[in-house]
Amino acid sequence: MKPVFKELEVCVMEESFKELKEMLAEITDIGSAAAVLGWDQAVNMPPGGAPARGRQLAALGKVTHEKLINPRVGELLKVLQTHEQSLDYNSNESSLIRNTRIKYNKAVNVPTEFAGRWQSATSESFDIWLKARPANNFKMVEPYLKKNFDMCKEYAEFFPGYEHPLDPMMDNHDYGMKASNIREIFSNLRKEMVPIVESITSQEPADDSFMKLGFEGKKQLEFGESVVKAFGYDFNRGRQDMAPHPFTISFALGDVRITTRIQEHFLGSALFGTLHEAGHAMYEQGGAPSLDGTPLRGGTSIGVHESQSRLWENIVGRSRPFWQHYYPGLQKHFPEHLGNVELNSFYRGINKVQKSLIRVEADEVTYNLHVMMRFDFECSVLEGSLDVSELPEAWKDRMESDIGIRPKDDADGVMQDIHWYNGIIGYFQGYTLGNIMSAQFYDAAVKEHPEITEEIGQGKFSTLHDWLKQNIYQHGSKFTANELLERVTGNGLDVAPYINYLKKKYGELYDL
Ligand code: ZN
């Protein structure tokens, strides 16, 4: 009789898995529909649409939350527990159950009422920030920012036993990371970075004045798009639009969009911005087709996502071999501006290290210091040792002591980033984790294919792109960032390859 039971059991498992998969597909589709509304809000929507859009997004946010915490999901996860253990850990099925269990266990702690309130609060504060920043009026947005941080503390209380009030939010962006891990990683990195920054910024700065002439927007776009097409970004499954705060957004494997911002008086903004966003987008486009329509489709964490964007933007796009190939083409695009600028001067200019105010425009060397101060402020505000009202001055002081430049106003100080005002807290660390991982992944790729560097110098990217697809992209979010690092590099997070990369590159440009 036993085989019959066995068959029955298999049948129940298959049915349960099918039911779970269908429920998750619906949640994923509603989430993607909300993402289309978010894209429209950032790219097309007239300002008058903001209040209604806020409501619509909050309504969808509530629906997906309710669907995820449906007790039936919990029942199915229980039924599937033994099935999961019998499956290959690397299989899609096992990964989907594992991933859902993590999300479900977290989501059931959060009341739907909070999820809706959080959505409306953050879209309201975002809306106020849009007006407060150009008016340089922090007071205007201060109560809203305070509310976002208070709600972040409230969110932490849904997870009793947390080590730091930032942890539960951070865990949503970089799964498994805690403030204490980040403190340790940052302090190791800081020890290495500060002397490099000090040494470089005490030397004669590179000349990048040729980047700040008037560059025709249309031509900037054309050039950037030709490069990312060569990288492997598929325009049949993507498009590029304009947005004041560039981002990548993905609705399905067949629809992954990027945005950029043109500044006629700064060539680097659209150019490197496009390479960066295309790095994110290729990660999303490169998921295995079998993951489409499931929650496993997208990238696994903010850190890994940033490692992909930064790899293409910086390690490839700001490298000498890359420009040996592309610079003559760029000169032809802008003969009147760049015709007399030599490759070497151009290379130095795009890798200029300087004391700068704005994180997104910061060079590779000072960038992480911008991130570290944001992380420290998040911790202090949540710990209660710093009040939101004190942030503007604390920001200026820290910029002065860390980077050596004091912002004149709050627009280019505490209000420069969209994140906190949009409820994105516990996220900034992902940029630096991404920098660290980008070097680890790139080293692993070159170790397997030493020809990659030479190919970049010939404008060929398929070996690198295929390797990334094979080792990283195709897995979507089947594996956590740590699992992925272990699989690909044989190691956990390690700052050494990144420090080596910086020392080698900048050691050739400056006296270190
Ligand atoms: Zn990014």
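Q: Which domains does the chain have?
A: The domain assignment, which is automatic or from a database, gives domain 1 (3-137) and domain 2 (179-510), with residues numbered from 1 along each chain as its sequence is written. This is a predicted model, where local features need pLDDT of at least 70 and side-chain atom pairs count only at pLDDT 80 or more, while totals for chains, interfaces and linings use all residues, and side-chain values use heavy atoms, with hydrogens and water left out.

Q: And how many residues of each domain are in contact?
A: Taking contact as heavy atoms within 4.5 Å, 28 residues of domain 1 touch 35 residues of domain 2.

Q: Which residues of domain 1 lose the most area to domain 2?
A: Those are W39, W129 and R133, which together make up 27% of what the domain 1 side buries.

Q: What does R133 form a salt bridge with?
A: Its partner is D412, and the closest N and O atoms are 3.3 Å apart; a salt bridge here is a side-chain nitrogen of Lys or Arg within 4 Å of a carboxyl oxygen of Asp or Glu. The count between domain 1 and domain 2 is one salt bridge.

Q: Changing topic, which helix gives the largest share of the lining of the second largest pocket?
A: Helix 22 does, with six residues, and helices are DSSP runs (H or I, at least four residues) numbered from the N terminus. Helix 22 spans 496-509.

Q: How do the lining residues divide by type?
A: The lining of that pocket has nine nonpolar, four polar and five charged residues.

Notes
Helices (H or I, at least four residues) and strands (E, at least two) are DSSP runs, numbered from the N terminus. Ala, Val, Leu, Ile, Met, Phe, Trp, Tyr, Cys and Pro count as nonpolar, Asp, Glu, Lys and Arg as charged, and the others, Gly among them, as polar. Buried area is the accessible area (1.4 Å probe) that two parts lose on being put together, summed over both.
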